[in-house]
Amino acid sequence: MALEIDRVREVAERVAASSGLEIVEVELRGGGKSRMLRIFIDKPGGVTHEDCANLSREVGTILDVEDTIPGGQYLLEVSSPGLDRKLSRPTDFERFTGNRVKLTTREPINGTRHFEGQLERFEQGRLTLLLATPKKKAVPDDSPKLEIELANVEKANLVPEL
């Protein structure tokens, strides 16, 4: 399945590049007739319904012609990553510096693995988080800072600020 995902990502990135889109994530779930292929895309200024439809049509055609997904039966879904998008690559952390994030670490730091706060900076594989106070969930100017190695981040998402 890893080879399928790599091949799908390669096709999707090739198509996305020609449209000024970024492939955020590709996932293949399920089996048999109930396989779901999800491709999450983004671009500066946000993704439109037309962006999703065009990428879906073009990628779907290439995957079918090249028989990339063995058995050929899958449901293709193309969408934006949403307001609470997943952060996983170094470029994600660089791009969203200054935004509020929620993350879980692989190994505990000061006895906990769950953190939320403002991503102050990301440099040389380390991110600095201005921690939010648990009760108010706000990030005061004098909030404590925490440095975390990217390799220790198990899961990270943006926190929508509405």
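Close-up 1. Everything shown belongs to a predicted model, where local features need pLDDT of at least 70, side-chain atom pairs count only at pLDDT 80 or more, and totals for chains, interfaces and linings use all residues. Residues are numbered from 1 along each chain as its sequence is written, and side-chain values use heavy atoms, with hydrogens and water left out. Val24 lies in strand β1; helices (H or I, at least four residues) and strands (E, at least two) are DSSP runs, numbered from the N terminus. Is Val24 buried or exposed? Val24 counts as buried because its relative accessibility is 8%, and the cut-offs are under 20% relative accessible area for buried, over 50% for exposed and partly exposed in between, using a 1.4 Å probe and protein chains only. Between Val24 and Glu120 there are 22 Å in space, C-alpha to C-alpha, and the two are 96 residues apart in sequence.

**Close-up 2. The sheet built from β1, β2 and β3.** This is an open sheet of 3 strands in the order β1-β2-β3, and its pairing is mixed. Two strands pair if DSSP finds at least two bridges between them. In general, strands of a sheet pair through backbone hydrogen bonds, either parallel or antiparallel. Here β1 and β2 run antiparallel and are joined by 7 bridges, while β2 and β3 pair in the parallel sense over 5 bridges. Look for two partners: Glu22 has Asp42 in β2 as its bridge partner, and Met36 stands opposite Leu75 in β3. As for β2, it's mostly covered, with 6 of its 7 residues buried.

Close-up 3. From β2 the chain goes through α2 to β3, a β-α-β crossover that is right-handed. Right-handed means that, with the strands pointing away from the viewer, the path from the first strand over the helix to the second runs clockwise. On the sheet, α1 lies across β1 and β2 and runs at about 150° to β1. For that angle, axes are lines fitted to C-alpha atoms (for helices over the stretch in contact), and angles run from 0 to 180 degrees between N-to-C directions.

**Close-up 4. The largest nonpolar core.** Which of the 21 residues in the largest nonpolar core touch the most other members? They are Ile23, Leu37, Ile39, Ile41, Leu55 and Val59. A nonpolar core is a set of buried Ala, Val, Leu, Ile, Met, Phe, Trp, Tyr and Cys residues joined through side-chain atoms within 4.5 Å. At least two core residues each come from α1 (2–17), β1 (22–29), β2 (36–42), α2 (49–65) and β3 (75–79), and the largest share, 6 residues, is from α1. There's also a second, separate core of 18 residues, including Val101, Leu103, Leu150 and Val153.

**Close-up 5. Ile41 and Asp51.** Leaving out neighbours within four places in sequence, Ile41 has contacts that include Leu21, Ile23, Val24, Cys52, Leu55, Val78 and Pro81. Asp51 is among the contacts of Ile41 too, and Asp51 is found in helix α2. With a relative accessible area of 12%, Asp51 is buried.

Close-up 6. Phe93 and Phe122 have ring centres 5.7 Å apart and planes at 25°, so the pair is stacked. The pair links distant parts of the chain, 29 residues apart: Phe93 sits in helix α3 (residues 90–95) and Phe122 in strand β5 (residues 112–123). Phe93 is buried, at a relative accessible area of 1%, and Phe122 is buried as well, at 10%.

Definitions and conventions:
Contact = heavy atoms within 4.5 Å. Phe/Tyr/Trp six-rings, centres within 6.5 Å; stacked < 30°, edge-to-face > 60°.
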